[in-house]
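User: I have a model open and would like to go through it piece by piece. Can you take some questions?
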Amino acid sequence: MVLDNLGSSLRGSLDTLSGKSRVGEDDIEEIVKEIQRSLLQADVDVSLVMELSDSIKTRALEEEPPGGTTARDHVLSIVYEELVSLVGESTEIPLENQTILLAGLQGSGKTTTSAKMAWWFSKKGLRPAVIQTDTFRPGAYDQAKEMCARAEVDFYGNPDNDDPVDIARKGLEETADADIHIVDTAGRHALEDDLIAEIEEIESAVDPDRSLLVLDAAIGQGAKDQAKQFDESIGINGVVITKLDGTAKGGGALTAVNETDSSIAFLGSGETVQDVERFEPNSFISRLLGMGDLGQLTERVQRAMEETQEEEEDWDPEDMLKGQFTLKDMRHQMNAMNKMGPLDQVMDMIPGMGGGIMDELPDDAMDVTKDRMRAFEVIMDSMTENELENPRSIGASQIRRISRGSGKDEERIRELLQQHKMMSQTLKQFQGMGQGGDMERMMKKMQGGGGGGGFGPFG
Ligand SMILES: Nc1nc2c(ncn2[C@@H]2O[C@H](COP(=O)(O)OP(=O)(O)OP(=O)(O)O)[C@@H](O)[C@H]2O)c(=O)[nH]1
C-alpha cells in the first residue's frame, strides 16, 4: 500500500509530543522529515512533497490548537487534512447511464480493472457491460471474457475482428441494454504513435462520458509523461491505481493526478474481480496512518440511520446483538445499506473486519441488490406485524396470501425468507467473532450516535 511506512514512523514521532501542550519548531521539523521520507520513498514528486511539508509546518506553528486538544492531536489533524488535500477528492462517478473508456500502457491492469469496475457497478444495482477492444494482445479477449463471467456481467468482444474501432461501435450496439459501458483498450510497451492514434479513434467512436487512466502503482515518475500524453490525446478525467497489494509505492500515480489536473477514481488491490474499491480520500488517509476508518464510518452510519429512522421507532439494535434478528431488522439493514453502499464495503472499513472475514461468508449473504431490495420492500409491506417479528411463523398459506397481496411470486417470498435466514446466520458469525470487539462497538455507535466528529479515529 502507498506510503506503507508512514503510519508507524509518524506515530513514533508524534509520540514525542505526548504530554506537551505546545509544539516546538524542533518537534515539527522532526515530524515533517518523517513525512518527507515516506512520501519520497513512495515516489511522490519532490515539489509536491515540499509544498505539503511547508503547509504542515506553517499551520502547526501558527494555528492555535482548539481548546481541549493536545499538541499531538492538533498536529495529527493538520497532517491528516494536508494529506487528504494532497490526494484530492475522488473522481465523480455518478450511478447512472454512462460510457467509461480505460486507457493505459500494457500490463497496467486495464483488462482486470474493466471487469472489476463492472463488478463494482453491478453491486450498486446497475447493469454494466465490458467491451473488449484489445486486438493487440492475444489472450486479452479470453481473459476479459472469463473475468466478466466471474463478475457475472455482460461482455462483448470479437477475436475474429482486428479492427478495435469497429469492435467498439458494435459492442455499444450489442450491449445497448446495459446502463454502464466500460470500454477496455489495448496497451503497448511504451507510448507510441500508433497506440495514441488508435485510442483517439476509439474515443471519438464511443464518445465516453469519462476516460480513466489505469496506472500500475509501481510506475514511479514515468507516470508524469504518460499522463500528460494521454491527457492531451483523449482528456483524462480520473486515474485508477492498480496493484496496490504488491508495492509500497504509488506516489507516481499522485503525480499523474496532479499532471492531468484530475483525481483518483478507483483502487485495485488484487487479481480477482472483487479486489477493487472506490477511492475515498478520508478513508484512504486514515488507513495509511493506521487509524482505521471509524470516523468516516460513523458519519455514514449515522447519516443513514437518521434517514431511515421514520416509522421504525421500535427498532432496537440491542435485540439484534442478542440474536433476535427479525424481518424488521432486515428491512432496517437494507435501507441503511442502500444509503451506505454494499455491506461488504462497509465491513472492509472496520478495522479487523476486512477482506478475509468477508471471503469466508457465502457470496449471496450480502448480495441484496437494488431490484431485490425493492421487491422485498413490497413483500414486507404485505406482511402482518406478527409475521415481520416472527418470520418462522410464515408457512405455505401465509406465503400464498402475501404473494396475492404484494403481487410477487411465491418464489420471491421464499427467497426473501431465505435471505433473512442467511443474514441472520451471518450476524451470528459476527457476534461470535466480535466479543466486545469491533462489531459490537459499531452497533453501539449505530444506536447511540456518539462520536461523529471529523477526527473520531484519533481519540
Ligand atoms: N496483484 C495484482 N495484480 C493485478 C492487479 N491488477 C491487474 N493485475 C495483474 O496484472 C497483469 C496485467 O493486467 P491486465 O489487466 O492484463 O493488464 P492490461 O493493462 O489489460 O494489459 P494489456 O491488455 O496487455 O494492455 C495481470 O496478470 C493481472 O492479473 C492488482 O490490482 N493486483
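User: Which helices each supply at least two residues of the shell around the ligand?
Analyst: α5 and α6 do. Keep in mind that this is a predicted model.

User: And which one gives the most to that shell?
Analyst: α5, with three residues.

User: Which residues come nearest to the ligand?
Analyst: Gly109, Thr111, Thr112, Gly187 and Gly268, out of 23 residues around the ligand.

User: How does the shell split by class?
Analyst: There are 14 polar, seven charged and two nonpolar residues in the shell around the ligand.

User: Back to α6. What is its end-to-end distance, and what should it span?
Analyst: Helix α6 covers residues 140-151, and its end C-alpha atoms are 16 Å apart. Twelve residues at 1.5 Å a residue should span 16 Å, so the two agree.

User: Which of its residues are buried?
Analyst: Ala140, Tyr141, Ala144, Met147, Cys148 and Ala151 are the buried residues of α6. They cover an arc of only 140° around the axis, which means that they sit on the same side of α6.

User: Why would positions spaced like that line up?
Analyst: An α-helix has 3.6 residues a turn, so residues three or four places apart point the same way.

User: β4 came up. How many of its residues are buried?
Analyst: Five of the five, so β4 is largely enclosed by the rest of the structure. Ile180, Ile182 and Asp184 are buried on one side, and His181 and Val183 are buried on the other.

User: Which strands join it?
Analyst: Strand β1 (residues 98-103) runs parallel to β4, with five bridges between them. β2 is also parallel to β4 and is joined to it by five bridges.

User: Where do the partners sit in β4?
Analyst: Gln98 has Ile180 as its bridge partner, and Val130 has Ile182.

User: New topic: β6. Is it covered or open?
Analyst: Strand β6 (residues 238-242) is mostly covered, with five of its five residues buried. Gly238, Val240 and Thr242 point one way, while Val239 and Ile241 point the other way.

User: What does β6 pair with, and in which sense?
Analyst: With strand β5 (residues 210-216), in the parallel sense, over five bridges. Leu215 of that pairing stands opposite Ile241 in β6.

User: Where does Asn237 lie?
Analyst: Asn237 is in the loop between α9 (223-234) and β6.

User: Buried or exposed?
Analyst: Asn237 is buried, because 22 other C-beta atoms lie within 10 Å, and 20 or more is the cut-off for buried.

User: What does it touch?
Analyst: Leaving out residues up to four places away in sequence, Asn237 touches Thr91, Arg210, Ser211, Leu212 and Ser262. Asn237 and Ala265 are 28 residues apart in sequence and 8.8 Å apart in space, C-alpha to C-alpha.

User: Last one, the whole protein. How many helices and strands are there?
Analyst: There are 21 helices and eight strands. Of the 459 residues, 41% are buried. Among contacts with a separation of 6 or more, 77% are between residues 24 or more positions apart.

Methods:
Residues numbered from 1 in each chain as written. Predicted model: local features only at pLDDT ≥ 70, side-chain atom pairs only at ≥ 80, totals over all residues. Helix = DSSP H or I, 4+ residues; strand = E, 2+ residues; numbered from the N terminus. Expected span 1.5 Å × (residues − 1). Buried ≥ 20, exposed ≤ 12 C-beta atoms within 10 Å, placed from the backbone. Arc of directions from axis to C-beta. Near = placed C-beta within 6 Å. Nonpolar A, V, L, I, M, F, W, Y, C, P; charged D, E, K, R; others polar. Pairing = 2+ DSSP bridges. Contact = placed C-beta atoms within 7 Å.
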